[in-house]
Amino acid sequence: MNNPHLYNSAHGLQQKDVEQVLSDYLDKMNWKPGSRIMDIGCGPGYITSKMLMPRLPQDFETLLAVDLSHDMIQYAKNTYIHPKLNFMQLDIETENINNDLCSPGFDKIFSFFCLHFVVDQRRAFNNISRLLRPGGEVLVLLVTTCSLFDVYSLQSKKSKWSQYLKDVQKYTSPFHTLSDAKEEFKRITKDANLSLLKCELKPNRHNYPSFAILQDSLQAINPFISNVPDELHDEFMKDVISEAEKIEKEGKNNNGKYSFSYEILVAHLRKS
């Protein structure tokens, strides 16, 4: 998950969903000249630079992309250069959000495929609220349920892999086991002084044309692969896919492609 080169080459699923969300929501946001914008969880910077920024009004002031990973930020800084685009390492779950960011603050905050890795959702959204100017808007896409979260739990109990899978709950969406993820999300964001304009749960399925592409894609987002010795990477990833197929009871579909199911929550919010 911290390999920017692999992530950049194997994020077709993320690109597809972000493209759809931007198409559905960007025009519904209230824009004004000189907007200050933040993207939380930018990873290696491709989606920020090549998908989000080209769709923004040309008169925006600045776009600050942040990520917890030092390696991702360094890769992004070296790869995507634009006078209005900046990258910075930031933990959105921190107890002490940078006051220099909170003032003057931001008019728009985006986050795609990131916030489901945040354990303390309330602190994260309180920080987002602090970073927003009054009337500022947020567009969030996060994963609620996914068979991979169950796979990580199963692998952590196997003697061969247990030593490499620590803190599994840290990498499992806090919404994964909830009976009503949308209601919990509403409570969290309301307490953070964020008004929910729209919130939807979307069951999704993504097809991969080959096993190799599926393996690369799942390896790119696997938070434990860096703990596994290089010589065991292929065996480890094949076990990930095998367990996922058992859970989904589908695996390879009738078109000869490999498919993968998950559910996302998409929300548009405004600071009160």
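Select Phe175 and Phe185 to begin: Phe175 is buried, as is Phe185, where buried denotes under 20% relative accessible area, exposed over 50%, and partly exposed in between (1.4 Å probe, protein chains only). The model is predicted, so local features need pLDDT of at least 70 and side-chain atom pairs count only at pLDDT 80 or more, while totals for chains, interfaces and linings use all residues. Residues are numbered from 1 along each chain as its sequence is written, and side-chain values use heavy atoms, with hydrogens and water left out.

**Aromatic rings**

Keep the selection and display the ring planes. The structure holds 8 aromatic pairs; rings of Phe, Tyr and Trp (its six-membered ring) pair if their centres lie within 6.5 Å, and planes under 30 degrees apart count as stacked, over 60 as edge-to-face and the rest as tilted. The ring centres of Phe175 and Phe185 are 6.3 Å apart with the planes at 55°, so this pair is tilted. Phe175 lies in the loop between H7 and H8 and Phe185 in helix H8, so the pair ties together parts that are 10 residues apart in sequence. Helices (H or I, at least four residues) and strands (E, at least two) are DSSP runs, numbered from the N terminus.

Next, select Trp161 and Tyr164, a tilted aromatic pair with 6.4 Å centre to centre and 50° between the planes. Trp161 and Tyr164 are both buried.

**Charges over rings**

Turn to Arg36, whose charged end sits over the ring of Phe106, 4.7 Å from its centre. The criterion is NZ of Lys or CZ of Arg within 6 Å of the ring centre and within 35 degrees of the ring normal. Then select Lys84, which lies over the face of Phe60 at 4.7 Å from the ring centre.

**Salt bridges**

A salt bridge is a side-chain nitrogen of Lys or Arg within 4 Å of a carboxyl oxygen of Asp or Glu, and by this rule there are 17 salt bridges. Select Lys202 and Asp24, whose side chains meet in a salt bridge (3.5 Å, N to O). Lys202 lies in strand S6 (residues 194-208) and Asp24 in helix H2 (residues 12-25), so the pair ties together parts that are 178 residues apart in sequence.

Move to Glu235 and Lys160, which form a salt bridge (2.5 Å, N to O). Glu235 is partly exposed at 38% relative accessibility, and Lys160 is partly exposed at 40%.

Finally, select Lys158, Asp239, Glu243 and Lys246, which are linked in a network of salt bridges.
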